[in-house]
Amino acid sequence: MAIQKPRGTQDFLPEQIGNWNYIEARMRNICKSYGFNEIRTPIFEETSLFLRGIGETTDVVSKEMYSFPTGDKKEQTYTLRPENTASAVRAYLENKIYGKENITKWFYIGPMFRHDKPQAGRYRQFHQFGAELLGNPSPLADSEIICMILQLFKDFGLEDLQVELNSVGCPNCRPEYRKKLISFFESKKDKLCPDCLSRLYKNPLRILDCKEETCKELSIGAPAIHEHLCDECKDHFEQVKAYLTAAHVDFHVNPRLVRGLDYYTKTAFEVQYAPLGAQSAIAGGGRYDGLVEELGGPATPAIGFAMGMERVLLTLEKQNLLPETTIDPSVFIVALGERAQIEAFKVLQVIRGAYCSAEMDGQNKSMKSQLKYANKIHAKYVIILGDDELARQEAIIRYMETGEQETVPLTEVAMRVISMVKGC
(Lines give C-alpha, C1' and ligand atoms only; values in the text may rest on other atoms or scores of the structure.)
Protein backbone atom coordinates (compact mmCIF):
# COMPACT_ATOMS: atom_id res chain seq x y z
CA MET A 1 0.00 0.00 0.00
CA ALA A 2 1.44 3.40 -1.03
CA ILE A 3 -0.08 5.50 1.78
CA GLN A 4 0.79 4.49 5.34
CA LYS A 5 0.26 6.03 8.76
CA PRO A 6 2.80 8.72 9.72
CA ARG A 7 5.90 7.55 11.55
CA GLY A 8 5.41 7.52 15.28
CA THR A 9 1.62 7.05 15.16
CA GLN A 10 -0.61 4.01 15.65
CA ASP A 11 -3.90 2.53 14.50
CA PHE A 12 -5.95 1.15 17.38
CA LEU A 13 -8.04 -1.71 16.05
CA PRO A 14 -11.23 -3.01 17.68
CA GLU A 15 -9.43 -5.86 19.47
CA GLN A 16 -7.16 -3.29 21.19
CA ILE A 17 -9.84 -0.82 22.20
CA GLY A 18 -11.03 -3.04 25.05
CA ASN A 19 -7.72 -2.46 26.84
CA TRP A 20 -7.98 1.30 26.27
CA ASN A 21 -11.52 1.34 27.64
CA TYR A 22 -10.31 -0.64 30.67
CA ILE A 23 -7.55 1.77 31.68
CA GLU A 24 -9.64 4.85 30.89
CA ALA A 25 -12.48 3.56 33.07
CA ARG A 26 -10.03 3.04 35.97
CA MET A 27 -8.63 6.53 35.45
CA ARG A 28 -12.05 8.14 35.45
CA ASN A 29 -13.01 6.18 38.55
CA ILE A 30 -9.96 7.32 40.54
CA CYS A 31 -10.62 10.92 39.52
CA LYS A 32 -14.20 10.66 40.75
CA SER A 33 -12.93 9.38 44.11
CA TYR A 34 -10.57 12.34 44.46
CA GLY A 35 -13.06 14.96 43.25
CA PHE A 36 -11.55 15.76 39.83
CA ASN A 37 -13.84 16.71 36.92
CA GLU A 38 -13.03 16.16 33.24
CA ILE A 39 -12.09 18.91 30.80
CA ARG A 40 -11.35 18.81 27.07
CA THR A 41 -9.18 21.45 25.42
CA PRO A 42 -8.34 22.07 21.73
CA ILE A 43 -5.73 19.82 20.17
CA PHE A 44 -3.93 22.93 18.88
CA GLU A 45 -3.25 26.26 20.56
CA GLU A 46 -1.40 29.47 19.80
CA THR A 47 2.32 28.68 19.80
CA SER A 48 2.99 31.50 22.26
CA LEU A 49 1.07 29.59 24.95
CA PHE A 50 3.69 26.86 24.98
CA LEU A 51 6.62 29.24 24.55
CA ARG A 52 5.57 31.16 27.66
CA GLY A 53 4.21 28.23 29.62
CA ILE A 54 6.70 25.42 29.00
CA GLY A 55 9.83 27.52 28.41
CA GLU A 56 11.88 28.22 25.29
CA THR A 57 14.93 26.33 26.57
CA THR A 58 13.09 23.03 27.03
CA ASP A 59 13.54 20.20 24.55
CA VAL A 60 9.78 20.18 23.99
CA VAL A 61 9.75 23.75 22.70
CA SER A 62 13.15 23.86 21.01
CA LYS A 63 12.98 20.49 19.22
CA GLU A 64 9.68 18.66 19.47
CA MET A 65 6.72 20.92 18.66
CA TYR A 66 4.59 20.64 15.53
CA SER A 67 3.81 24.25 14.56
CA PHE A 68 2.09 25.68 11.49
CA PRO A 69 0.73 29.05 10.23
CA THR A 70 -2.75 29.99 11.43
CA GLY A 71 -3.78 31.37 8.05
CA ASP A 72 -5.38 34.30 9.92
CA LYS A 73 -2.57 36.61 10.96
CA LYS A 74 0.86 37.07 9.44
CA GLU A 75 3.60 35.34 11.42
CA GLN A 76 1.12 33.89 13.95
CA THR A 77 1.36 30.12 14.35
CA TYR A 78 -0.57 27.33 15.99
CA THR A 79 1.02 24.30 17.64
CA LEU A 80 -0.35 20.81 18.18
CA ARG A 81 -0.36 20.53 21.96
CA PRO A 82 2.76 18.75 23.28
CA GLU A 83 1.28 18.62 26.79
CA ASN A 84 -1.94 19.77 28.43
CA THR A 85 -1.05 21.76 31.55
CA ALA A 86 -0.55 24.99 29.63
CA SER A 87 -3.84 24.42 27.80
CA ALA A 88 -5.66 23.74 31.07
CA VAL A 89 -4.31 26.96 32.57
CA ARG A 90 -5.32 28.88 29.45
CA ALA A 91 -8.86 27.46 29.80
CA TYR A 92 -8.84 28.32 33.52
CA LEU A 93 -8.01 31.94 32.69
CA GLU A 94 -10.10 32.40 29.55
CA ASN A 95 -13.22 31.07 31.30
CA LYS A 96 -12.45 33.06 34.47
CA ILE A 97 -12.68 29.98 36.66
CA TYR A 98 -10.49 31.71 39.25
CA GLY A 99 -13.41 34.04 39.98
CA LYS A 100 -15.89 31.18 40.44
CA GLU A 101 -14.01 28.54 42.45
CA ASN A 102 -11.50 28.69 45.28
CA ILE A 103 -10.05 25.30 44.33
CA THR A 104 -10.31 23.76 40.88
CA LYS A 105 -9.65 20.05 40.24
CA TRP A 106 -9.57 18.96 36.60
CA PHE A 107 -8.44 15.85 34.73
CA TYR A 108 -8.00 15.13 31.04
CA ILE A 109 -7.46 12.20 28.71
CA GLY A 110 -6.39 12.81 25.13
CA PRO A 111 -3.77 12.91 22.36
CA MET A 112 -0.58 15.00 22.51
CA PHE A 113 2.07 15.53 19.83
CA ARG A 114 5.86 15.69 19.98
CA HIS A 115 8.37 15.33 17.18
CA ASP A 116 10.52 12.84 19.05
CA LYS A 117 12.37 9.70 18.05
CA PRO A 118 9.79 6.88 18.19
CA GLN A 119 10.62 4.03 20.56
CA ALA A 120 8.84 1.49 22.74
CA GLY A 121 6.02 3.25 24.57
CA ARG A 122 6.88 6.65 23.04
CA TYR A 123 5.18 7.97 19.92
CA ARG A 124 4.83 11.24 18.03
CA GLN A 125 1.11 11.14 18.61
CA PHE A 126 0.64 9.79 22.09
CA HIS A 127 -2.05 9.94 24.73
CA GLN A 128 -1.86 11.35 28.22
CA PHE A 129 -3.94 11.08 31.34
CA GLY A 130 -3.30 13.93 33.72
CA ALA A 131 -4.80 16.09 36.43
CA GLU A 132 -4.42 19.69 37.57
CA LEU A 133 -5.24 21.06 41.03
CA LEU A 134 -5.38 24.88 41.03
CA GLY A 135 -5.84 27.22 43.96
CA ASN A 136 -4.42 25.15 46.81
CA PRO A 137 -0.94 26.06 48.13
CA SER A 138 -0.92 23.38 50.81
CA PRO A 139 1.65 20.53 50.84
CA LEU A 140 -1.40 18.36 51.39
CA ALA A 141 -2.36 18.97 47.73
CA ASP A 142 1.06 17.72 46.58
CA SER A 143 0.68 14.59 48.67
CA GLU A 144 -2.90 14.03 47.50
CA ILE A 145 -1.80 14.07 43.84
CA ILE A 146 0.99 11.55 44.47
CA CYS A 147 -1.28 9.24 46.48
CA MET A 148 -3.89 9.39 43.71
CA ILE A 149 -1.35 8.15 41.15
CA LEU A 150 -0.13 5.37 43.42
CA GLN A 151 -3.66 4.19 44.15
CA LEU A 152 -4.39 4.00 40.42
CA PHE A 153 -1.29 1.93 39.70
CA LYS A 154 -1.96 -0.36 42.65
CA ASP A 155 -5.52 -0.84 41.36
CA PHE A 156 -3.94 -2.00 38.09
CA GLY A 157 -1.93 -4.55 40.09
CA LEU A 158 1.49 -2.89 39.88
CA GLU A 159 3.78 -3.35 42.85
CA ASP A 160 7.37 -2.20 43.58
CA LEU A 161 6.38 1.41 42.93
CA GLN A 162 8.69 4.15 44.15
CA VAL A 163 8.31 7.90 44.22
CA GLU A 164 11.34 10.01 43.28
CA LEU A 165 10.89 13.34 45.05
CA ASN A 166 12.63 16.71 44.99
CA SER A 167 12.05 20.41 45.52
CA VAL A 168 13.23 22.68 42.72
CA GLY A 169 12.80 25.84 44.77
CA CYS A 170 11.00 29.04 43.85
CA PRO A 171 11.84 32.45 42.33
CA ASN A 172 13.15 33.52 45.74
CA CYS A 173 15.78 30.82 46.25
CA ARG A 174 16.45 29.54 42.74
CA PRO A 175 18.47 32.56 41.43
CA GLU A 176 21.23 32.02 43.99
CA TYR A 177 21.28 28.30 43.27
CA ARG A 178 21.39 29.06 39.55
CA LYS A 179 24.54 31.13 40.07
CA LYS A 180 26.19 28.26 41.93
CA LEU A 181 25.33 25.81 39.13
CA ILE A 182 26.71 28.11 36.46
CA SER A 183 29.90 28.51 38.49
CA PHE A 184 30.17 24.74 38.90
CA PHE A 185 29.72 23.94 35.19
CA GLU A 186 31.62 26.87 33.66
CA SER A 187 34.98 25.17 34.07
CA LYS A 188 33.57 22.06 32.36
CA LYS A 189 31.60 23.72 29.58
CA ASP A 190 33.97 22.52 26.84
CA LYS A 191 32.92 18.96 27.66
CA LEU A 192 29.18 19.54 27.87
CA CYS A 193 26.96 18.26 25.08
CA PRO A 194 25.65 20.96 22.67
CA ASP A 195 22.24 21.03 24.36
CA CYS A 196 23.67 21.50 27.84
CA LEU A 197 26.10 24.13 26.60
CA SER A 198 23.13 26.15 25.32
CA ARG A 199 21.37 25.63 28.68
CA LEU A 200 24.31 26.72 30.82
CA TYR A 201 23.41 30.42 31.02
CA LYS A 202 19.70 30.10 30.24
CA ASN A 203 18.54 27.24 32.45
CA PRO A 204 21.43 25.39 34.12
CA LEU A 205 19.06 23.20 36.18
CA ARG A 206 18.27 21.30 32.98
CA ILE A 207 21.88 20.07 32.82
CA LEU A 208 21.09 17.89 35.84
CA ASP A 209 18.35 16.23 33.77
CA CYS A 210 20.57 15.45 30.76
CA LYS A 211 20.60 11.81 29.64
CA GLU A 212 24.05 11.98 28.00
CA GLU A 213 26.55 9.89 29.97
CA THR A 214 29.27 12.55 29.70
CA CYS A 215 27.00 15.21 31.18
CA LYS A 216 25.89 12.83 33.93
CA GLU A 217 29.53 12.33 34.93
CA LEU A 218 30.28 16.06 34.72
CA SER A 219 27.37 16.83 37.05
CA ILE A 220 28.69 14.56 39.83
CA GLY A 221 29.35 16.77 42.83
CA ALA A 222 27.15 19.61 41.57
CA PRO A 223 25.47 21.69 44.31
CA ALA A 224 22.24 20.08 45.50
CA ILE A 225 19.21 22.32 45.35
CA HIS A 226 17.70 21.08 48.61
CA GLU A 227 20.74 22.59 50.38
CA HIS A 228 19.87 26.04 48.97
CA LEU A 229 16.12 26.23 49.54
CA CYS A 230 14.56 29.26 51.17
CA ASP A 231 12.73 28.71 54.47
CA GLU A 232 9.31 28.63 52.77
CA CYS A 233 10.36 25.99 50.21
CA LYS A 234 12.20 23.98 52.84
CA ASP A 235 9.17 23.95 55.14
CA HIS A 236 6.86 23.04 52.25
CA PHE A 237 9.09 20.14 51.25
CA GLU A 238 9.33 18.83 54.80
CA GLN A 239 5.54 18.84 55.11
CA VAL A 240 5.14 16.97 51.81
CA LYS A 241 7.50 14.29 53.09
CA ALA A 242 5.62 14.13 56.40
CA TYR A 243 2.26 13.60 54.65
CA LEU A 244 3.69 10.91 52.36
CA THR A 245 5.28 9.15 55.33
CA ALA A 246 1.94 9.22 57.13
CA ALA A 247 0.35 7.60 54.05
CA HIS A 248 3.06 4.89 54.02
CA VAL A 249 4.38 6.05 50.64
CA ASP A 250 7.80 4.72 49.63
CA PHE A 251 9.69 7.78 48.40
CA HIS A 252 13.30 8.69 47.72
CA VAL A 253 14.65 12.24 47.74
CA ASN A 254 16.49 12.70 44.45
CA PRO A 255 18.29 16.10 44.24
CA ARG A 256 18.93 15.55 40.51
CA LEU A 257 15.24 15.33 39.66
CA VAL A 258 14.28 18.61 37.98
CA ARG A 259 11.74 17.41 35.36
CA GLY A 260 11.80 18.69 31.80
CA LEU A 261 9.55 21.77 31.88
CA ASP A 262 10.41 25.25 33.11
CA TYR A 263 7.19 25.97 34.96
CA TYR A 264 7.87 23.69 37.93
CA THR A 265 8.36 25.22 41.39
CA LYS A 266 8.84 23.56 44.78
CA THR A 267 7.71 19.92 44.55
CA ALA A 268 8.76 17.81 41.56
CA PHE A 269 8.22 14.06 41.41
CA GLU A 270 8.24 10.92 39.32
CA VAL A 271 6.58 7.59 39.99
CA GLN A 272 8.84 4.75 38.92
CA TYR A 273 8.19 1.08 38.34
CA ALA A 274 11.43 -0.83 38.89
CA PRO A 275 10.71 -3.87 36.64
CA LEU A 276 10.87 -1.57 33.58
CA GLY A 277 14.60 -1.03 34.08
CA ALA A 278 16.28 2.13 32.76
CA GLN A 279 13.02 3.66 31.44
CA SER A 280 11.17 3.13 34.71
CA ALA A 281 9.30 6.45 35.04
CA ILE A 282 5.59 5.92 34.36
CA ALA A 283 4.18 9.20 35.71
CA GLY A 284 5.49 12.56 36.78
CA GLY A 285 4.56 16.06 37.71
CA GLY A 286 5.01 18.84 40.18
CA ARG A 287 3.93 22.19 41.51
CA TYR A 288 3.74 25.19 39.15
CA ASP A 289 2.78 28.12 41.35
CA GLY A 290 3.90 30.77 38.86
CA LEU A 291 2.36 29.53 35.62
CA VAL A 292 -1.11 31.10 35.96
CA GLU A 293 0.47 34.48 36.65
CA GLU A 294 2.98 34.00 33.82
CA LEU A 295 0.07 33.55 31.41
CA GLY A 296 -1.62 36.75 32.55
CA GLY A 297 -3.77 35.61 35.47
CA PRO A 298 -3.75 36.25 39.20
CA ALA A 299 -1.13 34.57 41.39
CA THR A 300 -2.49 31.03 41.76
CA PRO A 301 -0.79 28.03 43.37
CA ALA A 302 -1.16 24.81 41.37
CA ILE A 303 0.11 21.27 41.03
CA GLY A 304 -0.46 18.53 38.48
CA PHE A 305 0.79 15.35 36.86
CA ALA A 306 0.62 13.42 33.60
CA MET A 307 1.28 9.88 32.46
CA GLY A 308 1.63 8.42 28.99
CA MET A 309 -1.20 5.98 28.38
CA GLU A 310 0.72 3.93 25.80
CA ARG A 311 3.44 3.44 28.40
CA VAL A 312 0.88 2.35 30.99
CA LEU A 313 -0.62 -0.16 28.53
CA LEU A 314 2.82 -1.50 27.65
CA THR A 315 3.65 -1.92 31.33
CA LEU A 316 0.40 -3.75 32.11
CA GLU A 317 0.82 -5.94 29.04
CA LYS A 318 4.38 -6.94 30.01
CA GLN A 319 3.22 -7.80 33.53
CA ASN A 320 0.15 -9.73 32.26
CA LEU A 321 -2.14 -7.41 34.18
CA LEU A 322 -4.65 -6.63 31.44
CA PRO A 323 -7.99 -8.42 31.89
CA GLU A 324 -9.12 -11.03 29.39
CA THR A 325 -11.53 -9.69 26.81
CA THR A 326 -15.07 -10.69 27.68
CA ILE A 327 -17.77 -11.17 25.07
CA ASP A 328 -21.26 -10.01 25.91
CA PRO A 329 -24.07 -12.43 25.08
CA SER A 330 -25.17 -11.65 21.53
CA VAL A 331 -27.94 -12.62 19.18
CA PHE A 332 -27.87 -13.63 15.53
CA ILE A 333 -30.97 -13.97 13.38
CA VAL A 334 -30.96 -16.54 10.59
CA ALA A 335 -33.52 -15.41 8.00
CA LEU A 336 -34.32 -17.74 5.10
CA GLY A 337 -36.25 -16.08 2.28
CA GLU A 338 -37.29 -12.55 1.42
CA ARG A 339 -40.40 -12.45 3.62
CA ALA A 340 -38.43 -13.90 6.52
CA GLN A 341 -35.77 -11.22 6.14
CA ILE A 342 -38.35 -8.45 6.43
CA GLU A 343 -39.83 -10.00 9.57
CA ALA A 344 -36.36 -10.73 10.98
CA PHE A 345 -35.39 -7.09 10.50
CA LYS A 346 -38.38 -6.05 12.64
CA VAL A 347 -37.23 -8.42 15.40
CA LEU A 348 -33.64 -7.23 15.03
CA GLN A 349 -34.60 -3.60 15.66
CA VAL A 350 -36.63 -4.49 18.75
CA ILE A 351 -33.66 -6.34 20.22
CA ARG A 352 -31.25 -3.53 19.40
CA GLY A 353 -33.75 -1.04 20.82
CA ALA A 354 -33.15 -2.75 24.17
CA TYR A 355 -29.37 -2.20 23.67
CA CYS A 356 -28.62 -5.87 23.17
CA SER A 357 -26.00 -6.86 20.60
CA ALA A 358 -27.72 -8.39 17.57
CA GLU A 359 -26.86 -9.13 13.93
CA MET A 360 -28.44 -10.66 10.83
CA ASP A 361 -27.06 -11.58 7.44
CA GLY A 362 -29.46 -10.07 4.90
CA GLN A 363 -27.62 -11.62 1.92
CA ASN A 364 -29.75 -14.73 1.32
CA LYS A 365 -26.92 -17.05 2.33
CA SER A 366 -27.61 -20.64 3.21
CA MET A 367 -28.57 -21.62 6.74
CA LYS A 368 -25.23 -23.42 7.13
CA SER A 369 -23.29 -20.28 6.16
CA GLN A 370 -25.32 -18.10 8.49
CA LEU A 371 -24.85 -20.45 11.44
CA LYS A 372 -21.13 -20.57 10.71
CA TYR A 373 -20.99 -16.78 10.91
CA ALA A 374 -23.02 -16.83 14.14
CA ASN A 375 -20.32 -19.06 15.63
CA LYS A 376 -17.61 -16.72 14.38
CA ILE A 377 -19.08 -13.71 16.20
CA HIS A 378 -19.67 -15.83 19.33
CA ALA A 379 -23.44 -15.44 19.25
CA LYS A 380 -25.00 -17.04 22.30
CA TYR A 381 -28.52 -17.15 20.91
CA VAL A 382 -29.66 -17.70 17.32
CA ILE A 383 -33.19 -16.98 16.13
CA ILE A 384 -34.15 -19.04 13.08
CA LEU A 385 -36.92 -17.75 10.87
CA GLY A 386 -38.01 -19.22 7.52
CA ASP A 387 -41.17 -19.63 5.45
CA ASP A 388 -42.40 -22.57 7.54
CA GLU A 389 -41.94 -20.62 10.79
CA LEU A 390 -43.69 -17.59 9.28
CA ALA A 391 -46.64 -19.72 8.22
CA ARG A 392 -47.01 -20.86 11.85
CA GLN A 393 -46.20 -17.41 13.23
CA GLU A 394 -43.36 -18.98 15.21
CA ALA A 395 -39.58 -18.67 15.53
CA ILE A 396 -36.89 -21.06 16.71
CA ILE A 397 -34.37 -20.05 19.37
CA ARG A 398 -31.17 -22.10 19.32
CA TYR A 399 -28.84 -22.04 22.34
CA MET A 400 -25.41 -22.17 20.75
CA GLU A 401 -23.53 -23.42 23.82
CA THR A 402 -25.63 -26.57 24.11
CA GLY A 403 -27.14 -26.94 20.63
CA GLU A 404 -30.62 -27.17 22.16
CA GLN A 405 -33.48 -25.20 20.66
CA GLU A 406 -37.10 -24.32 21.34
CA THR A 407 -40.01 -22.89 19.39
CA VAL A 408 -41.72 -19.70 20.60
CA PRO A 409 -44.46 -17.45 19.19
CA LEU A 410 -43.10 -14.90 16.73
CA THR A 411 -44.67 -12.03 18.68
CA GLU A 412 -42.77 -13.06 21.83
CA VAL A 413 -39.35 -14.00 20.41
CA ALA A 414 -37.73 -10.56 20.71
CA MET A 415 -38.67 -10.01 24.33
CA ARG A 416 -37.79 -13.60 25.22
CA VAL A 417 -34.26 -13.21 23.85
CA ILE A 418 -33.85 -9.76 25.43
CA SER A 419 -34.73 -11.19 28.87
CA MET A 420 -32.18 -13.98 28.43
CA VAL A 421 -29.41 -11.63 27.31
CA LYS A 422 -30.04 -9.31 30.23
CA GLY A 423 -30.47 -12.17 32.66
CA CYS A 424 -33.92 -11.14 33.83
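Mentor: Leaving aside neighbours within four places in sequence, Ile43 is in contact with Thr79, Leu80, Arg81, Pro111 and Phe113. Keep in mind that this is a predicted model.

Trainee: What makes these residues contacts of Ile43?
Mentor: Contact means heavy atoms within 4.5 Å. Thr79, Leu80, Arg81, Pro111 and Phe113 are in contact with Ile43 in that sense.

Trainee: Where does Ile43 sit, and why is Ile43 called partly exposed?
Mentor: Ile43 lies in the loop between β1 (37-38) and β2. Its relative accessible area is 36%. Buried means under 20% and exposed means over 50%, so Ile43, at 36%, is partly exposed.

Trainee: How far apart are Ile43 and Thr315 in space?
Mentor: They are 26 Å apart, C-alpha to C-alpha, and 272 residues apart in sequence.

Trainee: Let us move on to the strands. Which strands form the open three-stranded sheet, and in what order?
Mentor: The order is β2-β4-β3, with antiparallel pairing. β2 (44-46) and β3 (67-69) each have a single partner strand, so they stand at the edges and one side of each is left without a neighbour in the sheet. The twist averages 35° from one strand to the next.

Trainee: How do you know that β3 and β4 pair?
Mentor: Two strands pair if there are at least two bridges between them. β3 and β4 have three bridges, in the antiparallel sense, so they count as a pair.

Trainee: What about the partners of β6?
Mentor: β5 and β6 pair in the antiparallel sense over ten bridges, with Tyr108 opposite Gly130 in β6. β6 also pairs with strand β11 (residues 302-308), again in the antiparallel sense, over seven bridges. There, Phe129 has Met307 in β11 as its bridge partner.

Trainee: What makes β6 mostly covered?
Mentor: Nine of its ten residues are buried.

Trainee: Now for the annotation. Which residues does the UniProt "binding site" cover?
Mentor: The unreviewed UniProt entry lists Glu83, Asn84, Thr85, Arg114, Gln128, Glu132, Arg259, Tyr263 and Tyr264. Of these residues, the lining of the second largest pocket includes Arg259, Tyr263 and Tyr264.

Trainee: Why is Glu83 called buried?
Mentor: Its relative accessibility is 4%. The cut-off for buried is under 20%, so Glu83 counts as buried. Glu83 is found in the loop between β4 (77-80) and α4 (85-94), and a polar atom of its side chain lies 3.3 Å from the backbone nitrogen of Thr85.

Trainee: And why does Arg114 count as buried?
Mentor: Arg114 has 19% relative accessibility. That is under 20%, so Arg114 counts as buried too. Arg114 is found in the loop between β5 (104-113) and β6 (125-134).

Trainee: What surrounds Arg114?
Mentor: Setting aside neighbours within four places in sequence, Arg114 is in contact with Val60, Glu64, Tyr66, Pro82, Glu83, Tyr123, Arg124, Phe126 and Gln128.

Conventions: Residues are numbered from 1 along each chain as its sequence is written. This is a predicted model: local features need pLDDT of at least 70, side-chain atom pairs count only at pLDDT 80 or more; totals for chains, interfaces and linings use all residues. Side-chain values use heavy atoms; hydrogens and water are left out. UniProt positions are given in the numbering used here, feature names are shortened, and annotations may be inferred rather than shown by experiment. On a 1 Å grid over the protein atoms alone, a cavity is a set of points where a 1.4 Å probe fits but cannot get out, and a pocket is an open set with protein on both sides within 12 Å along at least five of seven lines; lining residues have an atom within 4 Å of a point. Helices (H or I, at least four residues) and strands (E, at least two) are DSSP runs, numbered from the N terminus. Buried means under 20% relative accessible area, exposed over 50%, partly exposed in between (1.4 Å probe, protein chains only). A polar contact is a pair of N or O atoms within 3.5 Å; within protein, one must be able to donate a hydrogen and the other to accept it, and residues adjacent in sequence count only if both atoms are side-chain atoms. Axes are lines fitted to C-alpha atoms, for helices over the stretch in contact, and angles run from 0 to 180 degrees between N-to-C directions.
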